[in-house]
Every structure is written in C-alpha cells, then in structure tokens.
Amino acid sequence: MTLKPQTALVVAVAVRAFAVQPTRDEVVRLICNQKAPCEGFCYPCIALANRISQLYAGERDGR
Ligand SMILES: [Zn+2]
C-alpha cells in the first residue's frame with residue numbers, strides 16, 4: 001500500500017480527532033478499517049502506520 005494523498009488526508013483528519021497522539025496500533029486500526037477491515041494487523045497497514053506515526057512524532061518535535 002502506498003501513501004496516496006487521499007489516504008493521507010483521511011488518516012490525517014481521523015488522527016486529528018484524537019485528543020492525544022494516537023498509538024501506532026490505533027493508526028493501524030484506522031487504516032485497516034478504511035475499506036474492508038483486514039484480518040489482524042496486516043503488514044501494509046503497519047508499515048503505513050509506522051510512517052504516519054513518524055510524521056506526527058516529527059511534527060510534535062517541531063521539525
Ligand atoms: Zn490492513
């Protein structure tokens with residue numbers, strides 16, 4: 001799964017709905033539930049969630 005602009009937007013909006021920064025597992029769940037929920041945490045969603053978590057962590061650090 002690639003991080004398409006549309007996917008990134010959907011995730012960004014959903015992530016902003018959290019009062020605090022979501023955990024990676026929560027991000028994985030968000031991505032997996034976008035279309036058909038994956039069985040368990042699939043690798044593509046985990047990889048994407050890792051990237052998103054890094055982006056948000058970087059943003060929080062003021063980069
Ligand atoms: Zn998935």
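**Helix α1.** I looked up α1 first. It covers residues 5–16, which is 12 residues. Helices here are DSSP runs of H or I, at least four residues long, and strands are runs of E, at least two long, numbered from the N terminus. From first C-alpha to last, α1 reaches 16 Å, close to the 16 Å expected at 1.5 Å a residue. I took the expected span as 1.5 Å times one less than the number of residues. Next I checked burial. A residue is buried if 20 or more other C-beta atoms lie within 10 Å of its own, exposed if 12 or fewer, partly exposed in between, with C-beta atoms placed from the backbone. Of the 12 residues of α1, one is buried, so the helix lies largely in the open.

**Model notes.** This is a predicted model: local features need pLDDT of at least 70, side-chain atom pairs count only at pLDDT 80 or more, and totals for chains, interfaces and linings use all residues. Residues are numbered from 1 along each chain as its sequence is written. I read pLDDT as the predictor's confidence in each residue, from 0 to 100. The mean for the protein is 75, and 79% of its residues reach 70 or more. Among the elements, α2 has the highest mean (83) and α1 the lowest (73).

**Overall layout.** I found three helices and zero strands. The order from the N terminus is α-α-α. Of the 63 residues, 17% are buried. I then looked at contacts, meaning pairs whose C-beta atoms, placed from the backbone, lie within 7 Å. Among contacts between residues at least 6 apart in sequence, 47% join residues at least 24 apart.

**Core.** Which residues make up the largest nonpolar core? I list Val11, Val27, Val28, Leu30, Ile31, Cys32, Cys45, Leu48, Ala49 and Ile52, 10 residues in all. The largest share, five residues, comes from α2. The term covers buried Ala, Val, Leu, Ile, Met, Phe, Trp, Tyr and Cys residues joined through C-beta atoms within 7 Å.

**Isoleucine 31.** I placed this residue in α2. Is isoleucine 31 buried or exposed? It has 25 C-beta neighbours inside 10 Å, so it counts as buried. Leaving aside neighbours within four places in sequence, isoleucine 31 contacts Val11, Cys45, Leu48 and Ala49.

**Proline 44.** This residue lies in α3. With 14 C-beta neighbours inside 10 Å, proline 44 is partly exposed. Its C-alpha is 9.6 Å from that of isoleucine 31, 13 residues away along the chain.

**Valine 10.** I went back to α1 for this one. Valine 10 has 14 other C-beta atoms within 10 Å, so I logged it as partly exposed. Valine 10 and glutamine 34 are 24 residues apart along the chain, and their C-alpha atoms are separated by 8.6 Å.

Definitions and conventions
Two residues are in contact if their C-beta atoms, placed from the backbone, lie within 7 Å.
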